[in-house]
Amino acid sequence: MTKFSTTLIVGAALLATAGCAKKRPEVLPPAPGQTVDPNAGTGGTGTGTGTTGVVPGSRADFQQSVASDTINFGLDQYDIDASARAVLDSQAQWLARYPNVRVTIEGHCDERGTREYNLALGDRRANAAASYLATRGISPSRITTISYGKERPLALGSDEGAWAQNRRAVTVVLQ
Amino acid sequence: MRKLTLALGAALASVLAAPAAFAQVEVDIEGGISEPLPIAVPVMPTPQVASTPAGSTDALGRQLAEIVAGDLRNSGLFKPAGPSGLPAVAMAQVQSPDYAVWSGAQALVQGYVRAEANGTLTIGCYLYDTFGRTELTRQGFNVPPAEWRRAAHKCADAVYTRLSGEGPYFDSRIVYVSETGPKGKRIKRLAIMDQDGANHRFLTNGQSIVLTPRFAPNQQSIVYMSYVNERPAIYILDLGTGRQRLLVQNASLTFAPRFSPDGRYVLFSMAQAGNTDIYRVPAGGGSPQRLTNAPGIDTGGSYSPDGSKIVFESDRSGTQQLYVMNADGSNQQRISFGGGRYATPVWSPRGDLIAFTRQGGGSFRIGIMSPSGGGEKLLSDAWGDEGPSWSPNGRVLTFFRSAQGSGKTQIWSVDLTGSNIRRIPTALDGSDPSWGPIRP
């Protein structure tokens, strides 16, 4: 058990590094309503958010605090594997600190499924992530899901590497 | 007369029926090799040159003949000559052809165009057997100038129907998704066009992702899926008013809509907590009725033309396969058993075939099989062909082709032999085509 936790933490740390290197997907469509990223080009205009300029409980805070906002899946799969659990655990910890924050989980697929099947598969993936967060004590009422099927790929190639990146569920803080 | 019928009958027997070819899984090139019927389509004369909102009547006479020849050529069953390079036809000859001139062709299409005092156009269309020296059919169309192209399509349909025995399909439209922008954030707009790509117009502005449009049987509306307000759901767009309404209220993800043949219901899929089933709902709105309840993804439902059965795809066996059930959801039977995955089934309007997307070996291809699952045949062979939709006569399919890497999309059509495969021109990229019924 102890050994397992250590592995998890190391795994999470590694993923956190990877998460920093990974650019926030620019391809995501805008969330409902207008959202403002407190980090976006404010240049520290004195919003009373401390030295980092990150509002606690904000989308930016989430991005900085969790191992990653994204988990990945195998081909035509939607199970939450060990690395995905580590990522979702970090998200659950953060969400437990900010009980008023709501999130939406986006389910995405690679281009190797037909359009309508992929909408259903993306829904499966988003719901698998949501269910896991619920088992970690996050109220389902705080979580919505949306499937984008194969409509919003993150990596643009038609190769195994791109497809692996595109099979994903992304947690987005609603503000 | 006899000669013409016999010659075309032989060609059609191999092109349209090809019973032996259906037994093969591979694309059968042999099935498509039959001599197209030589047919002459000279310029249609006008009794008096007049200026109309559609152009002068003598220019229209040439354009009408070009459209008729284009339709017949695209069907793969005809080898049209003209209108360029053919002798001029005098008005007096339209109903009394100079057969000696046309002996190089087996059939002859003549016609005329006349501007009426009330602002409409009259187009006459005549089909002759040049060997038997007999008239085979004639039709006249009176249209507003804006619909002059439809008269040409109706004329081509009259020729095609008379000589092939098949139903018409040229005077019909295709609704599809027009695509622009980079692969990662495609802008998608509903668009509608004639089956030959003409009269193109957009129906939505691209603010929301739109997917999988389908014509209502009466062609007054289109059912489709949209991400309005980032809530993916099914909408019905009224083509007359341009208004759209949400079909199923207070639902989770709803998608994969198709009208019932009588237009009274919409078959659709709803995903709830990761499980997807097929439902139907009155087209005017109301309570959905659940038709499947197997664990897994049941989607892509499509009615048989008599409305008594539904073909759909399900991954309940572990991979996507095709199933047929009664319209009330009872008696669900698997009909596809090949390797790979089968998806997007659509029942032919003739009832005799089901078209689908087959995935395997790293590619998506369009195929057909009988409603009992026999006689599977693949019609296309590219990296990413998906989403077939039947022509009104059940003899041609339209689908979309995605390019590996770029993700660029094009609309294509293919006949049942698989040999007459061609692109339908669109100004921008296009996907999810749905072929509408023949126009009244």
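Q: Which residues does B:I174 touch, leaving out residues up to four places away in sequence?
A: B:I174 touches B:M193, B:Q195, B:T398, B:P433, B:S434, B:W435 and B:G436. Keep in mind that this is a predicted model. To count as a contact, two C-beta atoms placed from the backbone must lie within 7 Å.

Q: What makes B:I174 count as buried?
A: The cut-off for "buried" is 20 or more other C-beta atoms within 10 Å. B:I174 has 26 C-beta neighbours inside 10 Å, so it counts as buried. You'll find B:I174 in strand β8 (residues 172-180) of chain B.

Q: How far apart are the C-alpha atoms of B:I174 and B:D429?
A: They are separated by 14 Å, and along the chain the two are 255 residues apart.

Q: Why is α4(A) called largely enclosed?
A: Of its 21 residues, 18 are buried, so α4(A) is largely enclosed by the rest of the structure.

Q: How do you know what span to expect for helix α4 of chain A?
A: You take 1.5 Å times one less than the number of residues. Helix α4 (residues 115-135) of chain A has 21 residues, with 30 Å expected, and from its first C-alpha to its last it reaches 30 Å. After α4(A) comes A:G137, with a positive phi near 95°.

Q: What about helix α3 of chain A: what span does it reach, and what is expected?
A: Helix α3 (residues 82-97) has 16 residues and reaches 23 Å, close to the 22 Å expected. Among the buried residues of α3(A) are A:A84, A:V87, A:L88, A:W94 and A:L95.

Q: What makes β20 of chain B "mostly covered"?
A: Five of the six residues of strand β20 (residues 309-314) pass as buried.

Q: How do you know which strands β20(B) pairs with?
A: You count bridges, and at least two are needed for a pair. Four bridges join β19(B) to β20(B), and six join β20(B) to strand β21 (residues 321-326) of chain B. Both counts meet the cut-off, and the strands run antiparallel in each case.

Q: Why are β11 and β14 of chain B called edge strands?
A: The open sheet has four strands in the order β11-β12-β13-β14, with antiparallel pairing. β11 and β14 (244-246) each pair on one side only, and that makes them the edges. From one strand to the next, the twist averages 25°.

Q: How do you know that β13 and β14 of chain B pair?
A: At least two bridges are needed, and strand β13 (residues 233-238) and β14(B) have three, in the antiparallel sense. B:L237 stands opposite B:Q244 in β14(B).

Q: How many residues does each chain bring to the contact between chains A and B?
A: Chain B brings 29 residues and chain A brings 24. On the chain B side, 10 are nonpolar, 14 polar and five charged.

Note on methods:
Residues numbered from 1 in each chain as written. Chains lettered and ligands numbered in written order. Predicted model: local features only at pLDDT ≥ 70, side-chain atom pairs only at ≥ 80, totals over all residues. Nonpolar A, V, L, I, M, F, W, Y, C, P; charged D, E, K, R; others polar. Helix = DSSP H or I, 4+ residues; strand = E, 2+ residues; numbered from the N terminus. Buried ≥ 20, exposed ≤ 12 C-beta atoms within 10 Å, placed from the backbone. Axes fitted to C-alpha atoms, helices over the stretch in contact; angles between N-to-C directions.
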